[in-house]
Every structure is written in structure tokens, then in C-alpha cells.
Amino acid sequence: MAAVKWNQDINAGQNWMADINLMNTNGSTRDITGHTLASQIRRHYKSVNATTILVEVLDAPTGNIKLSLTDAQTTALIGGKYLYDVEMTDTEGIKERIIQGVITVRPEVTK
């Protein structure tokens with residue numbers, strides 16, 4: 001499957017989370033039992049430095065996951081555009097990029 005493009009806006013200095021339900025192309029829920037997920041945010045795809053986005057599986061049989069960054073993580077990001085993706089590895093070790101996009105970090109004014 002092709003990765004879903006999903007752009008996000010994040011306020012620096014705040015906790016951020018996104019609750020996502022993964023679906024198959026026919027609209028049915030996607031069972032991700034036994035799969036592992038990983039996600040990172042980088043200034044550009046060649047950046048050496050990355051911030052790990054926590055990916056939690058809330059309900060594997062229905063494909064419900066949560067992405068999150070802490071307030072400390074968003075504070076450390078410089079305002080501007082970043083790239084991110086979410087990769088899933090199935091039980092046979094095959095990787096698939098399931099979500100990708102641009103995250104715009106809006107700088108914190110009041111500290």
C-alpha cells in the first residue's frame with residue numbers, strides 16, 4: 001500500500017498526540033497484531049539528528065495507534081517545517097511506510 005500523506009501542525013512547548021485508525025484500501029479495519037511500529041521527525045530526510053515520535057498500539061485488531069511527542073520534545077524543535085513518517089514491520093520482517101508528511105512546528109512565544 002502507498003503511505004498516507006498527513007500533514008500536521010504542532011505548537012512548540014505543548015504535548016502533541018494523534019489518535020489514528022489504520023484502514024485497508026477497501027475501508028475495513030487493519031489488524032496489526034504482532035506488528036511493530038516506529039516513527040521519527042527530522043528537519044529534512046538527510047538530517048543526522050532525529051526526534052523519536054512515540055507510537056503506541058492502543059488496539060491491534062482494529063489498527064488503532066497513537067503518536068505522541070512530549071512538551072520537552074516539542075520545545076527542543078526549532079520553528080519551521082520537518083518531515084516525519086511512520087513505518088510498520090510485519091511479523092515476517094517486511095517494512096512498510098504507512099504514514100508520511102510534513103510537520104510544521106509553530107514557535108512558542110510565552111515561556
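E56 has a relative accessible area of 30% and is therefore partly exposed. The coordinates come from a predicted model. The count of salt bridges in this model comes to 4, and E56 takes part in one of them, paired with K66.

**Salt bridge between K66 and E56**

- The side chains of K66 and E56 approach to 3.6 Å, N to O, in a salt bridge.
- This pair joins distant parts of the chain, with K66 in strand β7 (residues 64–69) and E56 in strand β6 (residues 54–59), 10 residues apart.

**Salt bridge between R97 and D85**

- R97 and D85 form a salt bridge in which the closest N and O atoms are 3.7 Å apart.
- Distant parts of the chain are linked here as well: R97 belongs to strand β9 and D85 to strand β8 (residues 80–89), 12 residues apart.
- R97 has a relative accessibility of 40% and so counts as partly exposed.
- D85 also falls in the partly exposed class, with a relative accessibility of 23%.

**Salt bridge between R106 and D9**

- A salt bridge brings together the side chains of R106 and D9, at 3.0 Å from N to O.
- R106 is part of strand β9 (residues 95–106) and D9 is part of strand β2 (residues 8–11), so this pair ties together parts that are 97 residues apart in sequence.
- The relative accessibility of R106 is 41%, which means that R106 counts as partly exposed.
- D9 is likewise partly exposed, at 46% relative accessibility.

- R30 is located in the loop between β3 (16–21) and β4 (36–42).
- Is R30 buried or exposed? R30 counts as buried because its relative accessibility is 14%, and the buried class covers values under 20%.
- The side chain of R30 makes a polar contact of 2.6 Å with the side chain of E96.
- R30 and A60 are separated by 30 residues in sequence, while their C-alpha atoms lie 8.3 Å apart in space.

Terms used. Residues are numbered from 1 along each chain as its sequence is written. This is a predicted model: local features need pLDDT of at least 70, side-chain atom pairs count only at pLDDT 80 or more; totals for chains, interfaces and linings use all residues. Side-chain values use heavy atoms; hydrogens and water are left out. Helices (H or I, at least four residues) and strands (E, at least two) are DSSP runs, numbered from the N terminus. Buried means under 20% relative accessible area, exposed over 50%, partly exposed in between (1.4 Å probe, protein chains only). A polar contact is a pair of N or O atoms within 3.5 Å; within protein, one must be able to donate a hydrogen and the other to accept it, and residues adjacent in sequence count only if both atoms are side-chain atoms.
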